[in-house]
There are 2 protein chains.
Amino acid sequence: MKIALDAMGGDFSPQNPIVGAIQALRDFPDVSIVFVGDEERVRKELGAHETKGLESRITYHHASQVVEMGDNGLESVRKKKDSSISRAIDLVKNGEADAVVSAGHTGALVAAATIKLRTLPGIDRAGLGVLIPAQDGVFLLIDGGANIDPSPKHVVGFAVMGSVYYQSIVGGGEARVGLLNIGSEPGKGTEFCKECYELLQEAPIRFVGNIEGHGIFKKPAEVVVCDGFTGNIFLKTVEGLAKSIFSWLKIELKQSPWRMAGAWLARGAFRSIKNRTSTDEYGGTPLLGVNGICIKAHGNSSPRALRNAIRAARTAVQLSINTRIVEAMKPLHEKNSSRNTIEA
Amino acid sequence: MKIALDAMGGDFSPQNPIVGAIQALRDFPDVSIVFVGDEERVRKELGAHETKGLESRITYHHASQVVEMGDNGLESVRKKKDSSISRAIDLVKNGEADAVVSAGHTGALVAAATIKLRTLPGIDRAGLGVLIPAQDGVFLLIDGGANIDPSPKHVVGFAVMGSVYYQSIVGGGEARVGLLNIGSEPGKGTEFCKECYELLQEAPIRFVGNIEGHGIFKKPAEVVVCDGFTGNIFLKTVEGLAKSIFSWLKIELKQSPWRMAGAWLARGAFRSIKNRTSTDEYGGTPLLGVNGICIKAHGNSSPRALRNAIRAARTAVQLSINTRIVEAMKPLHEKNSSRNTIEA
């Protein structure tokens with residue numbers, strides 16, 4: 001299996017993508033990596049690491065440009081045709097790679113993937129499906145920020161795709177799907193929320209109603225759907241608050257020798273919570289709905305997180321996630337087309 | 001100063017409002033309380049507590065109805081005219097009380113206050129201004145959920161009101177105002193966000209641009225504005241995650257005797273963080289923009305939180321918050337009316 005890795009994406013590139021790729025190559029013998037980016041820089045960085053025995057599974061695809069954080073995602077597809085993101089997606093489009101992994105510009109990745117790979121049959125909008133730690137395991141939030149202004153119909157697509165992905169990757173029975181909202185009763189929220197609620201009730205999923213932020217970490221649902229604006233606000237708030245609480249705790253624990261001794265005795269508990277809330281282990285957010293496997297890693301991904309993003313890509317390919325999504329969307333289309341027939 | 005207290009509001013009523021009121025009466029000798037609600041129940045509950053020396057500052061106003069959580073806020077104003085919330089607001093409207101405090105139905109409180117008290121001159125929509133703990137002190141989020149579908153112009157009003165409230169209550173120089181968004185650069189977010197950004201740049205406030213959830217707790221701004229849907233999602237997420245992290249930590253700390261000993265030694269640190277993130281101390285969220293002082297307490301408020309909500313009402317009255325808001329809105333109107341003149 002060949003995975004196209006955007007070697008120039010993320011805050012610590014090309015180092016972290018390269019070190020993460022080496023770890024993945026060691027851990028997953030069926031994976032080959034195409035490093036997409038400034039070939040000279042990539043070769044130089046790779047040369048600084050031990051890659052003995054892995055060379056046969058490493059190739060290069062030169063790309064002269066990089067999408068910068070200040071660039072407009074959509075425009076970058078047109079203006080930076082030779083960017084590492086665009087070229088990596090081209091490889092998937094042309095069948096030269098099975099999946100793409102990038103820690104680069106989210107908007108550029110979403111735009112390039114949607115334009116070049118197109119969406120799957122029956123899907124109009126792709127959505128970022130983010131695994132988030134909860135009381136008991138993880139839940140999946142979709143959309144994490146691919147589409148800030150979707151229609152309620154798109155949200156139904158997110159629900160179906162999220163259910164398929166969750167069941168395939170995490171397992172368990174049929175995933176419960178909740179709508180992120182500001183009240184638990186039906187009829188709460190904006191007009192958009194109300195329309196989503198109605199459509200979700202009729203969709204081929206296990207819809208359990210509205211879910212509020214204060215109950216969400218008790219995992220009342222395996223899949224939580226929302227528009228990409230709300231989802232992105234949610235994700236960044238969670239990330240910011242978790243980091244802040246731990247940094248406040250660290251400061252407090254250093255206030256006296258007793259506290260420091262206590263912290264040392266209890267260090268296993270802190271490590272365990274830190275691991276649980278770390279995004280590294282869940283590294284790799286699938287852009288669900290595009291016709292190709294496309295995994296977004298966090299911009300500040302560690303090598304470990306990038307290794308796990310490559311693992312996520314590998315799993316998605318192995319499980320034929322996209323075939324499953326197309327299959328799961330069928331009942332919705334049959335219903336819609338029979339409706340159209342009746343109406344016609 | 002007379003404060004109308006909704007004795008029937010919140011998850012633990014009438015106990016918590018009554019115990020909180022007794023604490024407030026003890027701590028603030030200039031405060032009198034009108035208990036609004038089922039007079040018999042209120043008298044009975046009050047009888048179970050020591051109120052010696054406070055009787056002269058306690059009065060009752062009977063209300064036969066209670067707005068339940070399942071009720072529609074707006075409809076409740078019409079359908080439950082004799083609710084404790086509506087009656088408490090009537091007292092402010094008729095000049096029989098200086099402020100109202102309620103831990104009851106948020107939607108009902110917002111609707112009743114807006115309809116009965118009307119908005120201040122120059123303000124079209126009221127907003128809930130919520131103080132949230134940050135790295136260094138607190139910041140104010142407005143709107144926390146009073147209006148889920150405001151216009152960008154309303155958000156400018158939130159910014160001005162939030163600045164006035166923050167400076168009056170917390171102090172410091174001119175408050176920095178940020179727009180809650182999904183990217184820091186100008187031009188990020190929905191069309192609504194972009195319009196807010198433009199208007200905020202021209203407003204008589206210290207606008208510092210977009211603010212993302214992951215940086216917000218480092219307090220890049222004293223005031224953060226957004227629509228009430230996004231604000232409510234943000235607040236509930238913060239509340240849910242903070243609670244979850246502490247409950248996960250508690251479970252982990254009980255996993256071994258060493259960890260338990262460590263937790264005991266470091267208990268001061270946990271207490272300090274818990275106090276810092278507790279909503280009790282910031283109990284009392286002002287509904288800014290209505291023509292009267294109106295403080296919302298959290299539905300699950302402890303007596304301490306209700307005591308602090310009464311304190312917040314007292315401070316708002318003492319500082320003539322509404323006069324200050326009207327004053328601060330003036331430059332905006334002068335600008336608008338001169339524009340209208342030019343355009344005409």
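This note sets out points on the fold, the domains, the chain contact and some backbone details of a predicted model.

1. Basis of the model. Residues are numbered from 1 along each chain as its sequence is written, and chains are lettered from A, with ligands numbered from 1, in the order in which they are written. Because the model is predicted, local features need pLDDT of at least 70 and side-chain atom pairs count only at pLDDT 80 or more, while totals for chains, interfaces and linings use all residues.

2. Overall form of chain A. The secondary structure of chain A comprises 12 helices and 11 strands; helices (H or I, at least four residues) and strands (E, at least two) are DSSP runs, numbered from the N terminus. The C-alpha atoms of chain A occupy a box of roughly 65 × 60 × 35 Å along the principal axes.

3. Of the 344 residues in chain A, 55% are buried. A residue is buried if 20 or more other C-beta atoms lie within 10 Å of its own, exposed if 12 or fewer, and partly exposed in between, with C-beta atoms placed from the backbone. Beyond its neighbours within four places in sequence, A:A159 is in contact (C-beta atoms, placed from the backbone, within 7 Å) with residues including A:V177, A:L200 and A:V223.

4. Domains of chain A. Chain A has domain 1 (1-123 + 289-320) and domain 2 (125-280), with bounds from an automatic or database domain assignment. Their contact takes 16 residues from domain 1 of chain A and 12 residues from domain 2 of chain A. On the domain 1 side, α5 (106-117) and α11 (303-318) of chain A are the elements that give two or more residues.

5. Helix α11(A). This helix has 16 residues and reaches 23 Å from its first C-alpha to its last, close to the 22 Å expected (1.5 Å times one less than its number of residues). Since 12 of the 16 residues of α11(A) are buried, the helix is largely enclosed by the rest of the structure. Among the buried residues are A:R307, A:R311 and A:R314.

6. Contact between the chains. Chain B and chain A each give 48 residues to their contact. On the chain B side, α8(B) gives the most, with 18 residues. That side divides into 23 nonpolar, 17 polar and eight charged residues; Ala, Val, Leu, Ile, Met, Phe, Trp, Tyr, Cys and Pro count as nonpolar, Asp, Glu, Lys and Arg as charged, and the others, Gly among them, as polar.

7. Backbone details. A cis peptide bond, with omega about 0 degrees, joins A:S13 and A:P14, and A:P14 is in the loop between β1 (2-6) and α1 (15-27) of chain A. A:K219 is not a glycine, yet has a positive phi of about 60 degrees; A:K219 is buried, with 20 other C-beta atoms within 10 Å. B:S320 also has a positive phi, near 50 degrees, but counts as partly exposed, with 13 C-beta neighbours inside 10 Å.

Terms used. Two residues are in contact if their C-beta atoms, placed from the backbone, lie within 7 Å.
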